[in-house]
Amino acid sequence: MGKIIGIGGVSRAGKTSLAQRISEWFLDDNVKIIHQDDYIVSNVNMPLVKGQFDWEHPSSLDFEAFRREIMREQKKYDYIIAEGLMVFKEPIVYNLFDKKIFIEISKQTFLNRKTLDGRWENEPAWYIEHIWDNHFIHGKVPDEMKDVLCISGENQFIAGIVKNYLLNK
């Protein structure tokens, strides 16, 4: 059974970049990255906020399908990296994690990076604020969760700290 690493943080914090970097460290091992964004519910079931799809609400995600995929891939790979805004929201998911990493960034860094993000259509200013505000509600690490490596996503990740956390505990 593979080890499962959970990576959380607000949009544009660097979750996917860190997951990619970690996968490069384990070149001799089988690594699978699972993106929580791939488990969004259908538009019919998507919650709305001010008439717009609310991607920042837990009901926008199929946590059970995300969990099943992690469990299925754990049988095939040495390392599973599960990353997303709300990876620490539901116990059915975060209780699977052997290692937990949370990336923090400032609001200004979030806003700067979000303006460069061309993945989605232009989002209104109020929705950008909604993303930031909701990550404090739905994206944070639960208070009771222990052994979480919190790192700054402001600049380059400190590789030594992350490697030490993943390999030596």
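Predicted model: local features only at pLDDT ≥ 70, side-chain atom pairs only at ≥ 80, totals over all residues.

Q: Where does I105 lie?
A: I105 is in the loop between β6 (99-104) and α4.

Q: And is I105 buried or exposed?
A: Buried: its relative accessibility is 10%, and the cut-off for buried is under 20%.

Q: How far is I105 from E73?
A: Their C-alpha atoms are separated by 30 Å, and the two residues are 32 apart along the chain.

Q: OK, on to α4. Which of its residues are buried?
A: In α4, residues 107-116, those are T109, F110 and K114. They fall within an arc of 130 degrees seen down the helix axis, so they line one face of α4.

Q: What's exposed on the other side of α4?
A: T115 and L116.

Q: And what covers the buried residues?
A: The cover includes α5 (125-138).

Q: Switching topic: at what angle do α1 and α6 cross?
A: Roughly 65 degrees, with the axes of α1 (residues 15-25) and α6 (residues 159-168) coming within 12 Å. The two helices are therefore roughly perpendicular to each other, and the crossing is right-handed.

Q: Which residues make that contact?
A: From α1 it's L18, R21, I22 and W25, and from α6 it's A159, V162, K163 and L166.

Q: How many of those are nonpolar, polar or charged?
A: Six are nonpolar, two are charged and none is polar.

Terms used. Residues numbered from 1 in each chain as written. Heavy atoms only, no water. Axes fitted to C-alpha atoms, helices over the stretch in contact; angles between N-to-C directions. Helix = DSSP H or I, 4+ residues; strand = E, 2+ residues; numbered from the N terminus. Parallel < 35°, antiparallel > 145°, perpendicular 65-115°, else oblique. Left-handed = near helix turned anticlockwise from the far one by under 90°. Contact = heavy atoms within 4.5 Å. Nonpolar A, V, L, I, M, F, W, Y, C, P; charged D, E, K, R; others polar. Buried < 20%, exposed > 50% of the residue type's maximum accessible area, 1.4 Å probe, protein only. Arc of directions from axis to C-beta.
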